[in-house]
Amino acid sequence: MNRTDDRLLPVLLICAQAAVWPGAELVRGAVPPASALLVAALVAGPVTAALALRRARPVAALVVVAAACALGAGPLPTGAMAVLGTAGVALALFTVATERDTFTTVLCGTALAVWQLLQNISLHGIGDRDGLDLVLTAMLYAAACGAGLLVRRTRRARRAAERTLNRAEAERHRLPEAERRRMERELHDVSAHHLTAVVVTAGAALGLRDRRPELADEALEFAAETGREVSRALGAVRAPTPSREELPSPEERLRALVEGFRRLDLPVDCEIDALPDGVVADAAYGIVREALTNVARHAPGARTTVRCRYGDTRTEVVVTSAAPTAGSAAHGADLGGGRGQGFLRSRAREAGGGLTSGPTAENGWEVRAVLPGRAAAPAERSVPRKYRVAQLTAAAGLVLQPLLPVLVVHAQPTPTGTQVSAGVLFALLAAAQTVALLWLRRAPRTAQGVLLALAPLWPVAMAAGDYTGPLVLPPVLSILATCAAIAADAARTGARVPVPAADASGAAAVPPPAVRAWLLPAAAVVVHAAAAVVAVLDRGTTVPLWAVVGWAVAGASLAVGAARRGGTLRARRELAARGSRDERLAAWTEEAVRDAWAERRRIATGLETTVLARTADMVTEAEAGRLDATAERAREALAAMRALLDTVRQGATGPELRPQPTLQALDLLARQCRATGRDVEIRLTDRVPERLPTAVDLAAYHAAETVLAAGGEEPAVLELDADGAMLTLTATGVPRAARPAVRERLAARVAALGGTLTTGRPDTVGLRLPLAPVPQQGDGERER
């Protein structure tokens with residue numbers, strides 16, 4: 001709501017108050033005294049100003065409005081503050097509920113109601129209508145607080161949905177670029193570490209062939225082993241597995257890395273602290289590997305120190321090398337592509353830190369990275385405890401303030417007796433209904449039963465307290481709480497995703513009719529209609545009994561039906577909004593994964609035709625014992641890798657040529673889902689074959705995509721396993737996958753390959769696909 005609306009509402013309230021008083025008096029020909037008009041103007045000014053600024057200072061605005069209306073009600077006639085004292089205070093309290101937290105809202109509403117009651121008691125004493133006035137006031141404030149809290153919750157949910165969509169849209173554009181950067185960096189790491197090591201080792205062996213001929217055999221063995229490792233590493237770059245296998249700790253990986261460079265005759269000393277798995281550990285590993293590779297390339301034999309300190313506030317990774325050893329030949333000095341320093345800085349920046357590098361005073365070189373340390377200090381409470389204490393103190397002071405006039409103002413004498421007034425009984429019943437409503441979310445059935453049990457007590461309270469007020473008021477007060485419970489139940493059941501039951505064969509059975517949904521409304525109509533009839537008959541009436549029963553049933557049915565209709569409409573709006581969001585998320589996820597998959601396949605194609613082929617030739621030459629040819633093939637592989645890295649930044653061939661993702665793209669799918677705030681874990685067991693039939697591979701991926709595209713915020717786990725001739729996909733944490741539309745899509749995709757669809761728990765879906773699918777006509781398995 002903008003500033004124009006904030007100013008318009010107070011003006012409308014002032015106009016309505018002027019129409020009630022003094023407008024009504026002027027119409028009847030009675031002119032109010034000038035002093036009363038002056039007091040009314042003095043009250044209206046602060047009230048209007050406070051309401052106009054209520055969003056900036058909602059609590060202060062509520063205090064000003066309540067105090068001004070209370071001060072003006074004394075000298076002014078009845079009705080002069082009726083609109084401002086009810087609608088104005090309710091509007092200020094509604095703003096508190098929308099702009100502040102629940103604790104502040106409840107505290108303000110309770111303190112305001114008690115303050116008004118004590119003020120009335122201190123000035124006029126205890127009367128028969130005090131309890132009834134308290135009930136009406138509390139209901140007004142409760143309605144304002146409830147409406148405000150509902151609006152605040154709706155706004156918060158809408159903002160959360162917008163943030164989720166914004167993250168998904170940003171990830172849709174970022175994922176292909178991130179995949180390209182990942183492959184580019186890992187390709188550089190493989191070439192810089194493995195292939196450079198082969199060139200350096202082969203060059204050293206060739207230089208010392210006459211004096212140390214045994215180095216040639218070691219270099220050939222190292223080249224063959226490293227070539228096979230390069231092929232495996234490049235295969236992992238092309239298609240990273242989404243499984244969560246047990247990996248060495250970051251400390252073990254760093255020490256193994258250092259040990260590998262020691263085998264290259266590079267003297268390395270290390271001081272490495274234990275690091276937790278995560279972005280910081282990955283960045284530290286990449287920085288150390290790149291720095292040691294540069295030392296081996298440009299300063300072989302130089303004494304090097306690796307220090308990794310993991311602290312509370314930061315993590316320091318320092319790689320310091322001494323000056324190059326005199327007479328040592330740098331066999332890999334010309335192999336760099338100029339990207340190493342950029343990759344070092346990008347690794348540190350992506351981990352949330354920074355990196356500097358430069359020469360040392362001893363003519364050596366130092367790479368120093370500062371990364372985040374242990375988890376930051378626990379987040380402070382959203383509202384400090386001292387602030388809560390101050391709120392309670394201020395509320396207690398305001399509540400007790402009306403008792404001060406008792407010292408100077410004598411209360412009016414009131415008749416005493418043993419009979420309890422109807423207002424007090426009504427207040428007790430309203431308090432019991434409030435407690436039941438507070439427990440509605442935690443124990444809905446119990447709360448609904450308590451509300452129905454309290455309804456017949458209102459006629460009893462009317463008779464016991466000799467109630468002589470409007471006959472319709474107690475039944476209305478009684479049914480309002482029940483209608484609130486019915487609306488909440490309709491919204492909750494309507495927004496819940498129906499989960500069809502499953503028979504023994506795994507097929508979904510037809511759900512039974514929703515009879516339970518109408519039990520509460522029917523019981524509410526019967527109970528409240530009976531209570532209203534009893535109240536009318538106890539008061540006495542000349543209307544026929546059938547007319548009283550008809551009017552009571554019609555009124556109760558109308559109120560209950562309106563409440564249920566309102567809850568159902570709210571549930572439909574929430575489902576429509578959620579469905580629209582899920583559809584957009586699914587579309588963006590599909591587009592992001594397909595673009596990233598196309599980028600991966602484009603780079604993988606270049607790997608297969610260039611680097612991998614030359615690496616295989618290098619292994620062949622090494623196994624044949626030709627050291628010169630092995631060194632040459634290694635240099636060719638490095639040159640091919642450099643050329644590939646130069647062309648990586650070229651654009652894709654176009655969306656019309658994007659390939660269909662397979663199970664190897666599940667890691668991309670999981671990353672896109674995690675970008676929207678949902679925790680998705682993909683597990684592939686060792687029994688899943690590396691190469692699956694194309695139809696099965698596509699069907700399994702699309703089934704996983706369909707399950708996750710159903711939406712939801714629950715953590716999900718997708719596990720793939722193979723037993724004999726069947727591939728099993730089990731998805732847990734996906735309750736929305738039980739929707740009929742989702743199940744139909746899954747069943748159609750599975751049936752096309754002769755598989756089966758099963759359901760166990762409500763949040764679990766299982767698919768079984770034969771690894772040798774039955775032949776189908778056409779290419780239906782590629783259709784989505």
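A residue counts as buried when its relative accessible area is under 20%. Leucine 627 has a relative accessible area of 7%, so it is buried. This value, like the others here, comes from a predicted model.

Start with that leucine. Leucine 627 lies in helix H18, which covers residues 627-648. What does leucine 627 touch, leaving aside residues up to four places away in sequence? Its contacts are Ala202, Ala205, Leu206, Ala216, Ala219 and Leu220. Alanine 202 is 425 residues away from leucine 627 along the chain, yet their C-alpha atoms are separated by 6.9 Å.

Now step back to the whole chain. The protein chain has 784 residues, and 44% of them count as buried. It holds 21 helices and 10 strands. Take the contacts between residues at least 6 apart in sequence: 78% of them join residues at least 24 apart. The chain exposes about 39900 Å², with carbon and sulfur atoms supplying 60% of that area.

The largest nonpolar core has 45 residues. Leu663, Leu666, Leu727, Leu746 and Leu767 have the most contacts inside it. Several elements give two or more residues to this core, among them helix H17 (545-624), helix H19 (666-675), helix H20 (694-709) and strand E10 (764-770). H20 gives the largest share, nine residues. Leucine 746 shows the packing around one member: beyond residues up to four places away in sequence, it touches Ala703, Thr706, Val707, Leu757, Val765 and Leu767. A second core is separate and has 33 residues, including Ala61, Ala70, Leu76 and Trp115.

Threonine 482 is buried because its relative accessibility is 2%. Not counting residues up to four places away in sequence, threonine 482 touches Leu451, Leu452, Ala524 and His528.

Turn to the sheet. Strands of a sheet pair through backbone hydrogen bonds, either parallel or antiparallel. Here five strands form an open sheet with mixed pairing, in the order E1-E2-E3-E5-E4. Which strands stand at the edges? They are E1 (268-272) and E4 (354-359); each has a single partner strand, so one side of each has no neighbour in the sheet. From one strand to the next, the twist averages 5°. Strand E3 (residues 314-321) pairs with strand E5 (residues 365-372) in the antiparallel sense, over eight bridges. Within this pairing, threonine 315 has leucine 371 of E5 as its bridge partner. Helix H9 (residues 279-298) packs on the sheet and touches E1, E2, E3, E4 and E5. The direction of H9 makes about 10° with that of E3.

One joins aspartate 282 to arginine 253, with the closest N and O atoms 3.6 Å apart. Aspartate 282 is in H9 and arginine 253 is in helix H8 (residues 250-262), 29 residues apart. Aspartate 282 counts as partly exposed at 41% relative accessibility, and arginine 253 does so at 30%.

Aspartate 667 and arginine 600 form another salt bridge, the closest N and O atoms being 2.9 Å apart. This pair links helix H19, which holds aspartate 667, to helix H17, which holds arginine 600, across 67 residues. Is aspartate 667 buried or exposed? Its relative accessible area is 12%, so it is buried. Arginine 600 is buried too, at 0% relative accessibility. Finally, salt bridges that share partners join Arg55, Glu99 and Arg155 into one network.

Methods. Residues are numbered from 1 along each chain as its sequence is written. This is a predicted model: local features need pLDDT of at least 70, side-chain atom pairs count only at pLDDT 80 or more; totals for chains, interfaces and linings use all residues. Side-chain values use heavy atoms; hydrogens and water are left out. A nonpolar core is a set of buried Ala, Val, Leu, Ile, Met, Phe, Trp, Tyr and Cys residues joined through side-chain atoms within 4.5 Å. Buried means under 20% relative accessible area, exposed over 50%, partly exposed in between (1.4 Å probe, protein chains only). Helices (H or I, at least four residues) and strands (E, at least two) are DSSP runs, numbered from the N terminus. Contact means heavy atoms within 4.5 Å. Two strands pair if DSSP finds at least two bridges between them. Axes are lines fitted to C-alpha atoms, for helices over the stretch in contact, and angles run from 0 to 180 degrees between N-to-C directions. Accessible areas come from the Shrake-Rupley method with a 1.4 Å probe; for residues, only the protein chains shown count as cover. A salt bridge is a side-chain nitrogen of Lys or Arg within 4 Å of a carboxyl oxygen of Asp or Glu.
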